[in-house]
Amino acid sequence: MPRKWFWSLLWAVIFTAVLQGQSRESLLKAAQETSKWSPLDKPVQYSEKNIEALAGNRAAAITRYGLTGATTQDWTGPEGNVRLTLYEMFDAGAAYGLFTLDRNIHQPGFAMTPLGTEGFRAGNRSEFWQSKYVVKLEGSPPGVDSLARSVSENIFGRSIKPPVSTHLTPQNLVQGSEKYIVDASGIGRDLDIDPQALGFEDSVEVATADYRVGGKSAHLVLLMYPTQQLAKKYEDIWAAAAPHDAAFRKRVGAVLALVRGSPDKSVAKAILDGVNYETQVTWDQPRPDISLRDVILNIFTFTGVALLFTLMVGLSFGGVRVFLKARYPDRIFDRPEDMEIIQLKLDQGVMRKQLGD
């Protein structure tokens, strides 16, 4: 029974380590083992140092979003051949940002697809994001969809958008137009905004999206600052620079919302009315995603480590004692002069004693 319990605990510890340490290699291996797809060649690995060979001019932007590494490989399956490119980002927010950088609803043949957390197709190319991964596939639509499902089913972790992107109001939103921007280079000319005036040096996060209200189009720009005081500072700067455009901006807490691309105040009001913000206490540094599964696995991990440590200490102490008693009998442990024996003397007769008067 103890042996069975020990091996069960050891298996749990190993399984926990596998779950917590998922890499691109383990993800692709799991996709191969759980599907009818198999690689045609060896994977080509990229890092921040050589990502330009894969992404060209987009390499700098990909790096700024937080690249951990990338893998490209050709796969074959029942539906044909597919070229797979797997980007591993720092976290789910970085993966979402890279995905929105690639997504362009004005591309010929663009269509949203139910792949991963969010996905799209443009011609023979499909892309989706899930957890900390961005997956690109090139090939026939049936083959792409089949391999995409196999990869998606083996991705661990939650898919969480950056906080600023969750404040984009869903009413009148043009689906697929959302962008998450981390630096000044991501600000498009269509927004008619000076990127240097937004406060990237103050760690602002930016989300943009297109809206259509009553047949009229407009852009919403959300600026989320680390504190409400910084948001108020930049609101005052905007008010001083454009005092007559108060109807096209709104500040709620640490979020400053701007409507661009439309002179219609009614359109701006319809969009800004949906922008809300609730103050929350958050960590001042990025933290890993924590789920109930992760908590349980961590409990088993630390419990297993504690038990293994206790077992090793016990065996070490017991082994040393046995060795010393065998090598040096009655010299270190159980020496006669240090031992006291209490004797009950049960074999002696009963002695009767009476108290005198």
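How do the residues of the lining of the second largest pocket divide into nonpolar, polar and charged? Point 3 takes this up.

1. This is a predicted model, in which local features need pLDDT of at least 70, side-chain atom pairs count only at pLDDT 80 or more, and totals for chains, interfaces and linings use all residues. Residues are numbered from 1 along each chain as its sequence is written, and side-chain values use heavy atoms, with hydrogens and water left out.

2. Five strands form an open sheet in the order S9-S10-S11-S13-S12, with antiparallel pairing. Strands are DSSP runs (E, at least two residues), as helices are (H or I, at least four), numbered from the N terminus; two strands pair if DSSP finds at least two bridges between them. At the edges, S9 (179-181) and S12 (249-252) each pair on one side only. Strands S11 (216-224) and S13 (255-260) pair over six bridges, and His-219 stands opposite Arg-260 in S13.

3. The lining of the second largest pocket divides into eight nonpolar, 10 polar and four charged residues. Here Ala, Val, Leu, Ile, Met, Phe, Trp, Tyr, Cys and Pro count as nonpolar, Asp, Glu, Lys and Arg as charged, and the others, Gly among them, as polar. A pocket is an open set of points on a 1 Å grid over the protein atoms alone, where a 1.4 Å probe fits, with protein on both sides within 12 Å along at least five of seven lines; lining residues have an atom within 4 Å of a point. Ser-177, Lys-179, Gly-186, Asp-190 and Thr-208 lie nearest the centre of this pocket.

4. The buried residues (under 20% relative accessible area, 1.4 Å probe, protein chains only) of H9 are Asp-294, Leu-297, Thr-301, Gly-304 and Leu-324.

Definitions and conventions: Buried means under 20% relative accessible area, exposed over 50%, partly exposed in between (1.4 Å probe, protein chains only).
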